[in-house]
Amino acid sequence: MFRHKGRHVTERCGPVWVAGETYEPYVGRWSRLVAHRFVRWMGAAPGGSWRDIGCGTGAVMQAVLDVAAPETVVGVDPSAGYVAYARRNTADQRAGFVLADAVNLPFADSTASVAVSGLVLNFVSDAPRAAAEMARVVRPGGLVGVYVWDYGEGGMEAIRAFWDAASALDPDAQYLDEAVRFPLCGRAPLRELLVGSGLEDVEADEISVATRFSDFDDYWQPFLGGQGPAPAYVASLPEERRAELRERLRSALPRAADGSIPLRARAWTVRGRRGGSGGRSRRRAGSRAQGRSTGR
């Protein structure tokens, strides 16, 4: 057994989101599968102006461009590295990008048709304020939608397997486990978040996708990228402890006959509609709080 020193593990192993090239093989490739189904589920009318809050490497934005026929879509993210990656990989004149934070959106009230966010709000220190900001910027009748991975019920199987193995070797690893750190990542809490932002007709659902890894290296290598709670934890380990964790995972993961690793990932989704009065007063109330979006 090996151990870090108590809760200080969370300080040394916090997520760092800077390089899209590292994020894509870790989580981005699976988020893209969810994003297209999520955008269709939003049920927005063609046209209009969309806002993608915490756009990251552009998974949701590309899905909007592919299936929603928007007039424009603006991606917002505090990471210059992610925005640069998304801009390089989004060849569509309808797309634009802004460096900004989810809790202080740089848009006037009632200027968007739809505001969406994928895999972000659990990393925002003031998620209610971020949700209120999304409600504020859409017009009356406009839509707000969010999705996050199901960490709490183990529906994101690749991450669940990782923390089960890590915690068996190091009890302090539990403090980084997304199931512990992110209580927002459940159907009921996510729905309550949008209800609390003043939205109407709030509905929750789920999207499940296959996450097939071609072999163990395809599963393990993305954890060496240093971005996100699990990769940051791996980066903090000495080499011999890292190898012990790797081999425990190698023996624990399921295998198909061809050597692939067949897993699944479930995302919780929620959508709501802004009523006639919107969320302007909620934004003023929330402006006294301070928060920052730091990841996805």
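The side chains of Glu203 and Arg271 meet in a salt bridge with an N to O distance of 3.2 Å, a salt bridge being a side-chain nitrogen of Lys or Arg within 4 Å of a carboxyl oxygen of Asp or Glu. This pair links distant parts of the chain, since Glu203 belongs to strand β6 and Arg271 to strand β7 (residues 261-273), 68 residues apart. Helices (H or I, at least four residues) and strands (E, at least two) are DSSP runs, numbered from the N terminus. The model is a predicted one, in which local features need pLDDT of at least 70 and side-chain atom pairs count only at pLDDT 80 or more, while totals for chains, interfaces and linings use all residues. Residues are numbered from 1 along each chain as its sequence is written, and side-chain values use heavy atoms, with hydrogens and water left out.

**Salt bridges**

A search of the whole structure finds 16 salt bridges. One of them joins the side chains of Arg187 and Glu206 at 3.0 Å, N to O. Arg187 lies in helix α8 (residues 187-196) and Glu206 in strand β6 (residues 200-213), so this pair ties together parts that are 19 residues apart in sequence. Both residues also belong to a network of salt bridges that links Asp150, Glu153, Arg187, Glu206 and Arg266. Another salt bridge joins the side chains of Arg246 and Glu247 at 2.9 Å, N to O.

The table gives the exposure of the residues in these pairs, where buried means under 20% relative accessible area, exposed over 50%, and partly exposed in between (1.4 Å probe, protein chains only).

| Residue | Relative accessible area | Class |
|---|---|---|
| Arg187 | 33% | partly exposed |
| Glu206 | 31% | partly exposed |
| Glu203 | 40% | partly exposed |
| Arg271 | 17% | buried |
| Arg246 | 24% | partly exposed |
| Glu247 | 35% | partly exposed |

**Surroundings of Glu247**

Glu247 lies in helix α11 (residues 239-252). Besides its salt bridge with Arg246, Glu247 has a polar contact of 3.0 Å between its side chain and that of Arg250; a polar contact is a pair of N or O atoms within 3.5 Å, of which, within protein, one must be able to donate a hydrogen and the other to accept it, and residues adjacent in sequence count only if both atoms are side-chain atoms. The C-alpha atoms of Glu247 and Ala165 are separated by 9.6 Å, although these residues are 82 apart along the chain.

**Helix α8**

In helix α8, the residues Leu190, Leu193 and Leu194 are buried. Seen down the axis of α8, its buried residues fall within an arc of 90°, so they line one face of the helix, the arc being that of the directions from the helix axis to the C-beta atoms. What covers these buried residues includes α5 (127-137), β5 (138-149), β6 and β7. After α8 comes Gly198, whose phi is positive, near 95°.

**Nonpolar core**

The largest nonpolar core has 92 residues, and those with the most contacts inside it are Trp149, Phe162, Tyr219 and Leu245. The largest share of this core, ten residues, comes from helix α2 (residues 20-42). A nonpolar core is a set of buried Ala, Val, Leu, Ile, Met, Phe, Trp, Tyr and Cys residues joined through side-chain atoms within 4.5 Å. Not counting residues up to four places away in sequence, Tyr219 touches Ala158, Ala161, Phe162, Phe213, Leu249, Leu253, Ile261 and Leu263, where contact means heavy atoms within 4.5 Å.
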